[in-house]
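This report covers voids, helices and salt bridges in turn. Please keep the model open while reading.

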Amino acid sequence: MFTSWYLEWRKVFKAHLRIKQQCDEQAIRDAKEASLSPEFVELVRYFVAVEGVTPIMARYLRLTPSGWSKHIAKFLVKWNAEEINHARALMAACGECAEGSSLPTVDQAYRRAKSLSRPYLLVKVTTYDVLSSYALGFFFLPVHMTFGALSETITRFGYWVLEEHSDCPVFKNLVRKIVVDESGHLATYLRAARLLCRFAPIRIFVDLLVRKVYSPVGVTIMPKGEPGKIVRALFLGKEERLKSELKRKFDGLLSDKTIKVIVGKTIALGQVKAQTA
């Protein structure tokens, strides 16, 4: 039984390593031709921050049980490289190429993401997560894979809506390529989560933990007000669509009650900020 499970587990990550990245150097060069309004650039910069802080996340994950798994560790290296490339491409689309550089470098994307986020909180959150991972032990793996799948699902949803809001063909093409990469990450996280949560006690534990501690993507690292602004621009009025996407992806993994809480926390963020603005 364990042998067949392990072979399936290994297959999940080997499959992702064979997928070719869509947002490559050519896609980043093409992104420089995008023409975006200043208001739209502000929305895009949120995604630059979320994608660009990946190196910090990848570093802390190496210290957790996920980093001790050779299959997850290899996946995280590729995931990190692809996410930072997304940040570089989005910076190029926003016209943020450093003087003397034809394209944003990895280091420039990382520094730009740090400037858009709250580095102190990011370090605090990641340190807390590392310590929590030791307390959870093996249970950290299904928790990490499930939270990873959730983040990728909601980020991909945000990209879909961002594309709908854009009237620039070059930017639309870039977003479609990023979405393909994100879909590969999502498929890997989700398949791994389903394998780890195959046993009911683990699935129940993960479902309860997600319901209790989930927070919308970027909330813990972004300046106050920024996540609410993004939610108002991209998610308000699309609650049922988001809920439907989460139910479709997490059917049998997360309960309807937990999915309702996830959508509620996401939408409430924008509503609260809108009322207090």
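How many nonpolar, polar and charged residues does the lining of the largest cavity have? The lining has 12 nonpolar residues, two polar residues and no charged residues. The model is a predicted one.

**The cavity**

The count comes to one cavity of 30 Å³ or more. The largest cavity has a volume of about 160 Å³. It is lined by 14 residues, and Tyr 46, Ile 154, Val 217, Ile 230 and Phe 235 are the closest to its centre. Four helices, α3, α9, α12 (226-234) and α14 (256-276), each supply at least two residues of this lining.

The largest pocket has a volume of about 1,100 Å³. It is lined by 36 residues, of which Met 57, Tyr 60, Asp 129, Phe 147 and Ser 151 are the closest to the centre. By class, this lining has 21 nonpolar, 10 polar and five charged residues. Which helix gives the most to the lining of the largest pocket? Helix α9 does, with eight residues. Helices that each supply at least two residues include α3, α4 (54-61), α6 and α8 (119-136). α9 (140-165), α10 (169-196) and α11 are also among them. Helices α3 and α9 are also listed for the largest cavity, each with at least two lining residues.

Helix α6 has 24 residues, which at 1.5 Å a residue should span 34 Å. Its end C-alpha atoms are 35 Å apart, in agreement with that value. Of the 24 residues, 19 are buried, so α6 is largely enclosed by the rest of the structure. After α6 comes Gly 95, with a positive phi near 80°.

Arg 88 is found in α6, which runs over residues 70-93. Is Arg 88 buried or exposed? Arg 88 has a relative accessible area of 8%, so it falls under the 20% limit and counts as buried. Leaving out residues up to four places away in sequence, Arg 88 touches Glu 25, Ile 28, Leu 103, Pro 104, Thr 105, Val 106 and Ala 109.

Ala 109 is also one of the buried residues of helix α7 (residues 106-116). What covers the buried residues of α7? The cover includes α3, α4 and α6.

**Ala 34 in a loop**

Ala 34 sits in the loop between α2 (25-31) and α3. With 14% relative accessibility, Ala 34 counts as buried. Its contacts, not counting residues up to four places away in sequence, are Ala 93, Cys 168, Val 170 and Phe 171. Trp 9 is 25 residues from Ala 34 in sequence, and their C-alpha atoms are 40 Å apart in space.

**Salt bridges**

The model holds 14 salt bridges. Three of them are set out here.

| Asp 24 | Lys 20 | 3.6 Å |

Take the Asp 24 pair first. Asp 24 is partly exposed, at 25% relative accessibility. Lys 20 is exposed, at 58%.

Next comes the Glu 42 pair. Why are Glu 42 and Arg 45 separated by about one helical turn? They are three residues apart in helix α3 (residues 38-52), which means a separation of about one turn. An α-helix has 3.6 residues a turn, so residues three or four places apart point the same way. Glu 42 is partly exposed at 36% relative accessibility. Arg 45 is also partly exposed, at 22%.

The Asp 207 pair lies in helix α11 (residues 200-213). Asp 207 and Arg 211 are four residues apart there, about one turn of the helix. Asp 207 counts as buried, at 8% relative accessibility. Arg 211 is buried too, at 19%.

Some bridges share partners. In this way Glu 42, Arg 45, Glu 96 and Arg 112 are joined into one network.

Note on methods:
Residues numbered from 1 in each chain as written. Predicted model: local features only at pLDDT ≥ 70, side-chain atom pairs only at ≥ 80, totals over all residues. Heavy atoms only, no water. Salt bridge = Lys/Arg side-chain N within 4 Å of Asp/Glu carboxyl O. Buried < 20%, exposed > 50% of the residue type's maximum accessible area, 1.4 Å probe, protein only. Contact = heavy atoms within 4.5 Å. 1 Å grid on protein atoms, 1.4 Å probe; cavity = no way out; pocket = protein on both sides within 12 Å on 5 of 7 lines; lining within 4 Å. Points joined across faces, edges and corners; volume = space filled by probe spheres on them. Nonpolar A, V, L, I, M, F, W, Y, C, P; charged D, E, K, R; others polar. Expected span 1.5 Å × (residues − 1).
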